[in-house]
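Please open the structure in your viewer and keep the selection tool at hand.

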Amino acid sequence: MMELVSLWQQTPWLFVGCVAALSLVIGSFLNVLIYRLPIMMEREWQSEFQAYFQANPSQVTPERFNLAVPRSACPKCQHPIAAYDNIPVLSWLALRGRCRHCQTAISVRYPAIELLTAVLSASIAWQQGPTLTAALLIFLTWGLVALSFIDIDKMLLPDQLTLPLLWLVLLFSLSAGALVTPAQAIIGAAAGYLSLWSVYWAFKLLTGKEGMGYGDFKLLAIFGALLGWQQLPLIILLSSLVGAVIGMSMLAIQGKDKATPIPFGPYIAAAGWIAMLWGDHLTGAYLRYLGL
């Protein structure tokens, strides 16, 4: 392993290429995770409801459904997807975006998520090099991609993803590659959670409506634990500005009412990812602009 790391250090482009290739494969898995995890959660909630309230469950045993089974299949003809048709990006291009058997169009979103995962991960690899910090940031990036698209689809940031990532980042603060000290990580996590929690309750008390979900609090807590509380104002400002511009534009294009809820998680994730790589530079530039 040390020989491989040494090789990567001597040839950075090789490290970036390896990370990009691995991340394409991970992106394919993330497509499965994004689709299946919400369904798995819904089935678990239904099972718990039936057990708790002693409802009459169906006598038919539901088919096993998790991240491994059943095999991926065409949503229309239900034909299982062969391994050679499941190569990230390349298979989609070779099939011209259609099912091999029924010629139903396959959404461009699948290769787009794979490419996005690879590009984001390769960017971190190029900046950080073959380090423990790079490994954490790349793994966190994979989690952010999954969380963002689940939130877009379901308006949900699952605890099954946010809580493990939060604990991982807190534990990482004990390592030599940590970006902040353990004390700063704990304070940052608390500040990230409580800042949006306070906004949530202030908005609810004033309007009687819920402005965001608890998953948003936990997602910001992850960045607070990783980067410290000092980067939280930048993340909140960036996510709010981008969210307002893109969210209102999408509502206008789709002709929906301004009261229609929009997912905030993707904007926090994007702003936090930018802060991971260039937060100090952006903050410094802003302070210089203000003459401070």
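Select helix 1 (residues 2–10) and helix 2, which pack at an angle of about 115 degrees with their axes 4 Å apart. Helices are DSSP runs of H or I with at least four residues, just as strands are runs of E with at least two, numbered from the N terminus. The axes are lines fitted to C-alpha atoms, for helices over the stretch in contact, and angles run from 0 to 180 degrees between N-to-C directions. Helix 1 and helix 2 are therefore roughly perpendicular to each other (65 to 115 degrees).

This is a predicted model, in which local features need pLDDT of at least 70 and side-chain atom pairs count only at pLDDT 80 or more, while totals for chains, interfaces and linings use all residues. Residues are numbered from 1 along each chain as its sequence is written, and side-chain values use heavy atoms, with hydrogens and water left out.

Next, display Leu 7, Trp 8, Gln 9 and Gln 10 of helix 1, which meet Pro 12, Leu 14, Phe 15 and Cys 18 of helix 2 (contact means heavy atoms within 4.5 Å).

Then move along helix 2 (residues 12–53) to Ser 23. Is Ser 23 buried or exposed? Ser 23 has a relative accessible area of 0% and is therefore buried (under 20%; exposed is over 50%, partly exposed in between, with a 1.4 Å probe and protein chains only). Beyond residues up to four places away in sequence, Ser 23 touches Glu 114, Thr 117, Ala 118, Ser 121 and Trp 142.

Finally, select Leu 238 in helix 9 (residues 232–254). Leu 238 is partly exposed, at 25% relative accessibility.

Technical notes
Angles under 35 degrees count as roughly parallel, over 145 as roughly antiparallel, 65 to 115 as roughly perpendicular and the rest as oblique.
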